[in-house]
Amino acid sequence: NIIARVKNQDKLKVINYIFYDNEKLIDNKITISNKIIELIRTSFSQNTFQIQNYDYLLFYLSLSTTLNNSNSDAFFYSAQVYENLKNYKKAEYFYNRVSKNHSLYLESRKKIALNKRFQKSINESEEALIELIKENPNNINLLIDTAAFYRITKQYNKAISFYTNIISSNEIENDQLWGLLYFRGICYEKIDQWDLAVNDFKSSLSINPDSPQVLNYLAYGWLERNIFLDQSLEMLQKAHEKYPE
């Protein structure tokens with residue numbers, strides 16, 4: 001949480017940050033509301049919250065919206081909390097309250113679409129994503145998330161089509177490209193296109209040679225086929241060194 005869980009000596013600093021400016025009491029509700037959100041945003045970005053702290057987060061988010069009932073950031077982070085709690089209906093309620101003019105509006109619509117799959121509405125989720133793509137055809141992140149949706153829901157051919165279009169667009173930097181190649185490789189492997197999968201795994205490793213995920217996946221694929229055994233064991237050892245868990 002924002003105040004109750006911090007060290008005692010820091011509580012006053014937090015309260016001062018929210019309610020005071022240069023030792024002068026802030027009397028602007030919107031300013032106070034926004035300061036609360038700044039702290040909550042930091043909590044999310046640093047992953048400093050735990051599931052037992054969600055009640056506190058929701059309390060301060062509620063306080064923020066009480067002070068400013070059009071605070072879209074507060075609605076968005078409230079939705080994020082409920083999403084983490086797997087209360088997708090409540091999350092959708094708050095995502096729907098994000099203003100159309102806010103920078104988080106598209107992200108909110110995407111979250112609503114993706115979360116429908118957890119409510120046994122995969123078709124509705126797909127339809128909502130496709131509609132968003134029609135409205136935002138050049139949004140790469142939306143395309144990537146849609147490809148991931150198809151991969152996660154085991155619609156591998158559709159996922160491959162999206163990944164291929166994204167990779168071919170030449171708009172992806174290497175820090176993302178290696179992961180997209182890896183995910184497309186997984187999809188190829190799932191539909192028994194092992195040679196194509198290997199090509200993607202190797203291309204991914206040419207960009208990020210130390211990726212434990214890719215090293216592990218390719219090595220196990222070779223071991224299962226009883227080929228390149230020595231190389232596979234070396235790769236698994238390297239993957240374990242990079243990521244012991």
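Predicted model: local features only at pLDDT ≥ 70, side-chain atom pairs only at ≥ 80, totals over all residues.
1. Packing of α8 on α9. Helix α8 covers residues 140-152, and helix α9 covers residues 156-168. Their axes come within 7 Å and cross at roughly 155 degrees. That makes α8 roughly antiparallel to α9, because angles over 145 degrees count as such. The crossing of α8 and α9 is left-handed.

2. Residues in that contact. From α8 come L143, I144, T146, A147, A148, Y150 and R151. From α9 come Y156, K158, A159, F162, Y163 and I166. By class, ten are nonpolar, one is polar and two are charged.

3. The largest nonpolar core. This core has 42 residues. F201 and L218 have the most contacts inside it. The elements that give it two or more residues are α6 (105-115), α7 (122-135), α8, α9, α10 (174-190), α11 (194-207), α12 (212-224) and α13 (229-242). In general, nonpolar side chains in soluble globular proteins tend to be buried together.

4. L218 in detail. Residues up to four places away in sequence are not counted here. L218 then touches W194, V198, F201, L205 and M235. F201, on that list, is the residue named alongside L218 for the most contacts inside the largest core.

5. S78, buried in α4. S78 lies in helix α4, residues 72-84. Its relative accessible area is 4%, so S78 is buried, the cut-off being under 20%. Leaving aside neighbours within four places in sequence, S78 is in contact with L58, L61 and F94. S78 and F94 are 16 residues apart in sequence. In space they are 6.5 Å apart, C-alpha to C-alpha.

6. E83, also in α4. Helix α4 holds E83 too. E83 is buried, with a relative accessible area of 17%. Sequence neighbours up to four places away aside, E83 touches Y88, A91, Y95, K111 and N115. Of these, K111 and N115 fall within the 105-115 range of α6.

7. Which residues does E126 touch, not counting residues up to four places away in sequence? They are F149, Y150, Q155 and K158. E126 lies in helix α7 and counts as buried at 16% relative accessibility. Two of its partners, Y150 and K158, are also part of the contact of α8 with α9.

8. D192, a loop residue with positive phi. D192 is found in the loop between α10 and α11. Its phi is positive, about 65 degrees, although D192 is not a glycine. Most residues other than glycine have a negative phi. D192 counts as exposed, at 68% relative accessibility.

9. N226, a second case. N226 has a positive phi of about 60 degrees and is not a glycine either. Its place is the loop between α12 and α13. Is N226 buried or exposed? N226 is exposed, with a relative accessible area of 58%. The cut-off for exposed is over 50%.

Conventions:
Residues numbered from 1 in each chain as written. Heavy atoms only, no water. Axes fitted to C-alpha atoms, helices over the stretch in contact; angles between N-to-C directions. Helix = DSSP H or I, 4+ residues; strand = E, 2+ residues; numbered from the N terminus. Parallel < 35°, antiparallel > 145°, perpendicular 65-115°, else oblique. Left-handed = near helix turned anticlockwise from the far one by under 90°. Contact = heavy atoms within 4.5 Å. Nonpolar A, V, L, I, M, F, W, Y, C, P; charged D, E, K, R; others polar. Core = buried A, V, L, I, M, F, W, Y, C linked by side-chain atoms within 4.5 Å. Buried < 20%, exposed > 50% of the residue type's maximum accessible area, 1.4 Å probe, protein only.
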